Amino acid sequence: MAVALTVTMAVSLIFLLLLPLAQATVSSAVIPANPKTIKFMAKDVRAFIKESAKYYMEQNAQQGGSGALVFDLSVGTSPQTLPVVMDITSELVWAQCVPCPTCTRLTAPGTPTFLPNNSDSVDRVHCASKTCGRMIPGDHGCDHDSDLCRYAEDFYGAANTSGFLITDTFSFGTTPVPDVVFGCSLDVMEPDLAGASGFAGFSRGALSLVSQLDISSFTYFIAPLDDPAGESFVSWSWGADDDLDIAGAQMSREGSTPLQAATENQNPDLYYVKLTGVMVDGQLLTSIPAGTFNVQADGSGGVFLSTTLPVTYLEVAGYRAIRRELVSRFRSEGMAPVNVASDLGHLCFLTEDFTSAKVPRLALVFDGDAAMELKVENYFLAVTGGQTCLTILPSRFGSVLGVLLQAGRNMTYDIQGGQLRFQTTTAMVVAGAPAPPERVSLMIMATLLVLLLGPRSLF
């Protein structure tokens, strides 16, 4: 059985990321004013994204940008609908939980809230459980085995949440999944979740939705900013591969590259790929030193993907080579950057000049000679102040591919096959074709939140 569900488009006042989810045996179903090079270790991605988000929000960006995918989860018996942010870099599934007058809760009135007492299938996770002791590292506030297992998590934008673990039944279409581990958040230190109640972790972690549902593959599509009629979606399959019928979609050729296993010093929950180079107008950029994007022995370097970080960060040597090449080609057309010569942290042009320019086309080259050909909208964004800026920024010790860069293509994570597949699509229409009863695919049309952070420029 295939399930299709549409949700409405929302506008966000925030720039989101982070946290985990739950279990089943069902088969198949931004930029700083004075930008500096960001330093981060892939194994400490939360701290990196927290810093990056802080810079972004301090700039109060007005221009819309791809922010986050939000979809509805059906939790409890009788089911309660909870909109959550899809996050492939975090593990826990959590939502704002129970009215709590004594809690510190900065979310807006009316934020969807899970009510455990209204569910006949809810159960608490206690300190003596293996789930508490092994799956959620940290201080759980456990003085006695009978105490509730508590958690405290940072999430995107220098915010944090805390609460206790529970289990409950999640329903996907007509398929109930019992005993899913779920975070019941009491304190939520973020004033605007853009209508979402919490996060759904899609990482490789033990409590993620991927792990608990034994998801064999999942796909998301982020509608490009220049396609207001486009519909973003999230879909996944349990067990053996079971591709949903996406009718009316015009597909380009597909690329695929192996998902890399984390090394000893990397975060084991992230989705890593091996970036081998960058092409400009079909030619490999040879000025990028060999091995620039490789993982180092200490866990630094490497490349992973995010569904909540709008911009892309590339290792500084690669970024500088790309920037030099773009500046050179634009100058050959008589266009100069608006940045001062010493400002190498970002690249902007006057929009009135940019719109009539021949923009060099970039492509990322991955292991297996898979090229992800990018549209201009994937790496340049018009911002306030009459400027259009590069949305690829420099970092040290690692790279992350953000949402803007991924927009406009199906991104499929084949967990069983160990592959990342990417394919550009247009005219997306979802058709929920019937499937054999032992194989159930899930298609959820998701909301692509737009960043709307204030009156000043992104850059």
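Strand E6, which covers residues 93-96, is joined to strand E11 by three bridges, and the two strands run antiparallel. One of the residue pairs behind this arrangement is Val93, whose bridge partner in E11 is Ala200. The model described here is a predicted one, and its protein contains six helices and 31 strands.

**Strand E11 and its partners**

- Besides its antiparallel pairing with E6, strand E11 (residues 198-201) pairs with strand E5 (residues 80-87) in the parallel sense, over four bridges.

**An open sheet of four strands**

- Four strands form an open sheet in the order E18-E17-E22-E23, and the pairing in this sheet is antiparallel.
- The edge strands are E18, at residues 283-284, and E23, at residues 370-373, each of which pairs on one side only.
- Strand E17, made of residues 275-280, is joined to E18 by two bridges, with the two strands running antiparallel, and the bridge partner of Val280 in E18 is Gln283.

- Met411 is found in strand E28, which spans residues 409-414.
- Why does Met411 count as buried? Its relative accessibility is 0%, and because residues under 20% are classed as buried, Met411 belongs in that class.
- Leaving aside its neighbours within four places in sequence, Met411 is in contact with several residues, including Phe218, Thr219, Tyr220, Leu305 and Met372.
- The list of contacts for Met411 also holds Gln406, Leu420, Arg421 and Phe422.
- The C-alpha atoms of Met411 and Ile222 are separated by 8.8 Å, although these two residues lie 189 residues apart along the chain.

**Helix H4**

- Several residues of H4 are buried, among them Val316, Gly318, Tyr319, Ala321 and Ile322.
- Further along H4, Arg323, Leu326, Val327 and Phe330 are buried as well.

**The protein as a whole**

- Of the 459 residues of the protein, 57% count as buried.
- The protein exposes about 17800 Å² of surface, and carbon and sulfur atoms supply 50% of that area.

Conventions: Residues numbered from 1 in each chain as written. Predicted model: local features only at pLDDT ≥ 70, side-chain atom pairs only at ≥ 80, totals over all residues. Heavy atoms only, no water. Buried < 20%, exposed > 50% of the residue type's maximum accessible area, 1.4 Å probe, protein only. Areas by Shrake-Rupley, 256 points an atom, 1.4 Å probe, with all protein chains shown as cover. Pairing = 2+ DSSP bridges. Contact = heavy atoms within 4.5 Å.
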